[in-house]
Amino acid sequence: MQKSNYSIAVNLAKSQNSKDLHDIYRKYGDHLYQKKEFEGAIKQYLNAIEKLEPSYVIRKFLDAQRIGNLITYLEALHEKHLATEDHTTLLLHCYTKLKDSKKEKLDYFIRTYSNYNVQIAINVCRQAGYKEHALLLAEKHNEHQWYIKIWIEDFADPINTLNYRKALRHI
């Protein structure tokens, strides 16, 4: 590792079932990050995801230019069931910051995952202008008050009372 031969160090640690493998992945990720090889760095951090403090990686990739790498890491945390409410909130904010380019990922997340604070997710979607997503979340998680509130406030149309009818029909 002193000579930056991390791939050799990883292979050696694997062959000896070393307990230091996660530490090697972290150091390898740090090395690649310093060289501005962000894709490679995130792959190494993902290899150590179960032993590495998430905030360590998140702080490195909070820069707006690294948001794609941050999304990759946060998605992996969710897939491994290691994510907290804060991680979910950050991931949803990342999706909404990228607007339409990540809309399909936001759709997939809402439809697939369910271990997050629904009210926070609804607020994030509403603040970012994703009222359809907020409505879908409220409906999916039986948040009736939110469902009605979204129909009345976010889909407000003074000419058409259809929104009120939909809210009343839901009640």
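A residue is called buried when its relative accessible area is under 20%, exposed when over 50%, and partly exposed in between (1.4 Å probe, protein chains only). The model described here is predicted, so local features need pLDDT of at least 70 and side-chain atom pairs count only at pLDDT 80 or more, while totals for chains, interfaces and linings use all residues. Residues are numbered from 1 along each chain as its sequence is written, and side-chain values use heavy atoms, with hydrogens and water left out.

Among the buried residues of α2 are L21, I24, Y25 and Y28. The buried residues of this helix pack against α1 (6–15), α3 (38–47) and α4 (54–60), with contact meaning heavy atoms within 4.5 Å. Just after α2, K36 takes a positive phi of about 65°.

Charged side chains come next. A salt bridge requires a side-chain nitrogen of Lys or Arg within 4 Å of a carboxyl oxygen of Asp or Glu, and the count comes to eight. In one of them, D23 and K27 meet at 3.4 Å, N to O; both lie in helix α2, four residues apart, about one turn of the helix. D23 is partly exposed at 30% relative accessibility, and K27 is partly exposed at 29%. K105 and E75 also form a salt bridge, at 3.4 Å. This pair links distant parts of the chain, with K105 in helix α7 and E75 in helix α5 (residues 67–79), 30 residues apart.

The aromatic rings complete the picture. Rings of Phe, Tyr and Trp (its six-membered ring) pair if their centres lie within 6.5 Å; planes under 30 degrees apart count as stacked, over 60 as edge-to-face and the rest as tilted. The whole structure holds 10 aromatic pairs. Y45 and Y56 form an edge-to-face pair, 6.2 Å centre to centre with 85° between the planes. Because Y45 lies in helix α3 and Y56 in helix α4, the pair ties together parts that are 11 residues apart in sequence. Y45 is buried at 0% relative accessibility, whereas Y56 is partly exposed at 23%.

Terms used:
Helices (H or I, at least four residues) and strands (E, at least two) are DSSP runs, numbered from the N terminus.
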